[in-house]
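Here is a short walk through one protein model, written for someone who likes to know what sits where.

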Amino acid sequence: MFQGSLVRLRAFESGDLNANHTFVNDYDTLRSMLSGIPFPASLSDEQQWLSHQTSYTRGEYQFAVENLAGELVGRCGVIHLDWKNRVGEVAIMIGAPYRGRGYGREAMALLCRFCFREMNLHRLKVSVFAFNEAAIRCYEANGFVREGLLRQEIFRDGAYRDVVVMGLMEGEQHEDCHQ
């Protein structure tokens, strides 16, 4: 539906189940994005999540991210919306074998464009674990700025860790991300 030079954002299909299940059961993925206990998801759990990702969903808009060869590489979307204030909270996950190829950066650029141009949002925000440097670089490459630090917000790997709060206002997205 929305395409760049590396990836496209599209609706989830039933054939995405196994790849999604593999992605969300990778420990490095879980520890880097899930604030709760990094516990594996069953195939049934992932099927249930996938069944809720429809064009009729209101309040959460999730896209499948696929490369131009048609391989599912991850997912991204708006996970919380405040319509009154036109604020959306975004998130992205790129599966382990596909990281480091620019897919996340471009998928986030496409998502931001969708949020501002199609949803008419004014502001996007995200909370990122401070140790997830790749995610922070991805958001910064798209114009997000660090707005705050939640000290010792999550417990991970036996210690309390910080969370970086980042934001992007309408019109601030980097010019090369407008595609």
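## Ground rules

A residue is called buried when its relative accessible area is under 20%, exposed when that area is over 50%, and partly exposed in between, using a 1.4 Å probe and protein chains only. Helices (H or I, at least four residues) and strands (E, at least two) are DSSP runs, numbered from the N terminus.

This is a predicted model, in which local features need pLDDT of at least 70 and side-chain atom pairs count only at pLDDT 80 or more, while totals for chains, interfaces and linings use all residues. Residues are numbered from 1 along each chain as its sequence is written, and side-chain values use heavy atoms, with hydrogens and water left out.

Let's begin with helix 5, which spans residues 133-141 and has A135, I136, C138 and Y139 buried. These four lie on the same side of helix 5, because they cover an arc of only 160° around the axis (the arc is that of the directions from the helix axis to the C-beta atoms). An α-helix has 3.6 residues a turn, so residues three or four places apart point the same way. On the face turned away from the buried side, helix 5 carries the exposed residues E133 and R137.

What lies over the buried residues? The cover includes strand 5, helix 4, strand 6, strand 7 (145-156) and strand 8, where contact means heavy atoms within 4.5 Å. After helix 5 comes G143, with a positive phi near 100°.

## Strand 6 and its neighbours

Strand 6 (residues 123-129) is largely enclosed by the rest of the structure, because five of its seven residues are buried. Two strands pair if DSSP finds at least two bridges between them. Strand 5 (residues 87-94) runs parallel to strand 6 and is joined to it by three bridges; G88 stands opposite L124 of strand 6. Going from strand 5 to strand 6, the chain passes through helix 4 (residues 103-117) in a right-handed β-α-β crossover. Right-handed here means that, with the strands pointing away from the viewer, the path from the first strand over the helix to the second runs clockwise.

With strand 8 (residues 159-169), strand 6 runs antiparallel, and seven bridges join the two. One of the residues to look for is S127, whose bridge partner in strand 8 is V165.

## The nonpolar core

A nonpolar core is a set of buried Ala, Val, Leu, Ile, Met, Phe, Trp, Tyr and Cys residues joined through side-chain atoms within 4.5 Å. The largest one has 42 residues, of which L9, V90, M108, L111, L124, Y139 and F144 touch the most other members. Helix 4 supplies the largest share of this core, nine residues. Leaving aside residues up to four places away in sequence, the contacts of V90 include M108, L111, L124, Y139 and F144.

## Aromatic pairs

The structure holds eight aromatic pairs. One of them, Y98 with Y103, is tilted, at 6.5 Å centre to centre and 45° between the planes. Rings of Phe, Tyr and Trp (its six-membered ring) pair if their centres lie within 6.5 Å; planes under 30 degrees apart count as stacked, over 60 as edge-to-face and the rest as tilted. Y98 is buried at 14% relative accessible area, and Y103 is buried at 11%. Elsewhere, ring pairs link F2, F63 and F114 into a cluster.
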